[in-house]
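Work through each task with the model at hand before reading the solution.

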Amino acid sequence: MSDVKMPDHVGIIMDGNGRWAKARMLPRVLGHNAGMEAMKRIVKASSKIGVKYLTVYAFSTENWKRSTEEINGIFKLIVKYVNSELKELDENNVKINIMGEYDMLPEDSVEAIDKMVETLKDNDGLIFNIALNYGGRDEILKGVKSLYKECIKDGRDIDTLTENDLSRYLYSGSCNLDIPDPDLIIRTSGEVRMSNFLTWQSAYSELIFTDTLWPDFTEEEYGKLLLEFSKRKRRFGGREQEDK
Ligand code: IPE
Ligand code: IPE
Ligand code: MG
């Protein structure tokens with residue numbers, strides 16, 4: 001893949017766990033478990049391929065509408081993930097960053113997350129962002145509130161504010177990791193919508209939608225989608241080189 005234009009930052013809306021389980025007449029939580037296995041594969045593949053930032057949508061601010069049983073099942077999987085993967089993530093030099101307010105999760109999940117973030121904090125390989133209790137609108141609103149407070153405190157004129165000022169207060173800008181906007185966002189399961197994922201940061205992302213249910217997503221398909229990305233012409237509102 002050396003001569004292929006790779007995305008620095010890939011975002012993934014990991015959707016279709018429920019339908020995967022339903023097709024097998026299994027409880028939904030087993031679909032989420034299979035989804036976690038797919039996530040492990042894609043994290044490893046991303047490290048191997050040289051993607052610099054991977055952001056996965058693990059739980060949205062709207063997912064609280066689901067049953068307590070399903071929500072708790074998802075949160076238990078976080079503990080399982082940390083217990084089984086922490087060593088290998090560290091060996092692969094992965095650093096983890098959480099996007100979202102995760103302090104309202106059950107105590108054991110919060111502890112597992114804190115341990116994982118702390119253990120991996122000095123790694124400088126793949127930056128693996130997990131969007132957890134994340135919503136794009138929630139992120140922007142929180143950012144606006146913080147920026148407003150800063151303006152009041154510093155007596156700054158609101159009319160001098162720039163897009164960069166707000167970016168600094170988003171999860172992607174406030175974590176000292178210089179996370180660029182995603183170049184590519186993939187959504188599985190055939191749904192063609194953003195569902196409140198990276199609302200600010202996705203302004204110029206390339207989007208790819210695949211019918212594959214997330215638990216069935218393989219390294220091979222990931223490679224194909226990265227190749228598809230490499231053929232996209234990104235203009236950012238300008239014109240192609242040869243037109244100028
Ligand atoms: C995505 O799979 C995982 C989460 C939202 C946590 P779903 O659970 O949404 O699966 P479907 O869309 O019902 O198939
Ligand atoms: C988006 O999937 C959230 C995650 C993948 C975590 P949903 O399944 O919640 O999205 P909708 O409800 O189909 O839009
Ligand atoms: Mg879904």
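**Exercise 1.** In this predicted model, determine which strands helix α7 lies across and at what angle it runs to β5.

Solution. Locate helix α7 at residues 219–230. The strands under it are β1 (9–13), β2, β5 (184–187) and β6. Fitting the axes gives about 135° between α7 and β5.

**Exercise 2.** Give the strand order of the sheet and state which strands stand at the edges.

Solution. Six strands make up an open sheet with parallel pairing, in the order β3-β4-β2-β1-β5-β6. β3 and β6 (206–209) each have a single partner strand, so one side of each lacks a neighbour in the sheet. From one strand to the next, the twist averages 20°. Helix α3 (residues 68–91) also packs on the sheet, where it touches β2, β3 and β4. The direction of α3 makes about 155° with that of β2.

**Exercise 3.** Describe the surroundings of strand β4: is it mostly covered or exposed, and how many bridges join it to β2 and to β3?

Solution. Start with burial, for which the cut-off is under 20% relative accessible area. Eight of the eight residues of β4 (127–134) are buried, so by this cut-off the strand is mostly covered. Next, count the bridges. Strand β2 (residues 53–60) pairs with β4 in parallel over seven bridges, and Y57 has A131 of β4 as its bridge partner. Strand β3 (residues 95–99) runs parallel to β4 and is joined to it by five bridges; here M99 stands opposite A131.

Key. Residues are numbered from 1 along each chain as its sequence is written. Chains are lettered from A and ligands numbered from 1 in the order in which they are written. This is a predicted model: local features need pLDDT of at least 70, side-chain atom pairs count only at pLDDT 80 or more; totals for chains, interfaces and linings use all residues. Side-chain values use heavy atoms; hydrogens and water are left out. Buried means under 20% relative accessible area, exposed over 50%, partly exposed in between (1.4 Å probe, protein chains only). Helices (H or I, at least four residues) and strands (E, at least two) are DSSP runs, numbered from the N terminus. Two strands pair if DSSP finds at least two bridges between them. Axes are lines fitted to C-alpha atoms, for helices over the stretch in contact, and angles run from 0 to 180 degrees between N-to-C directions. Contact means heavy atoms within 4.5 Å.
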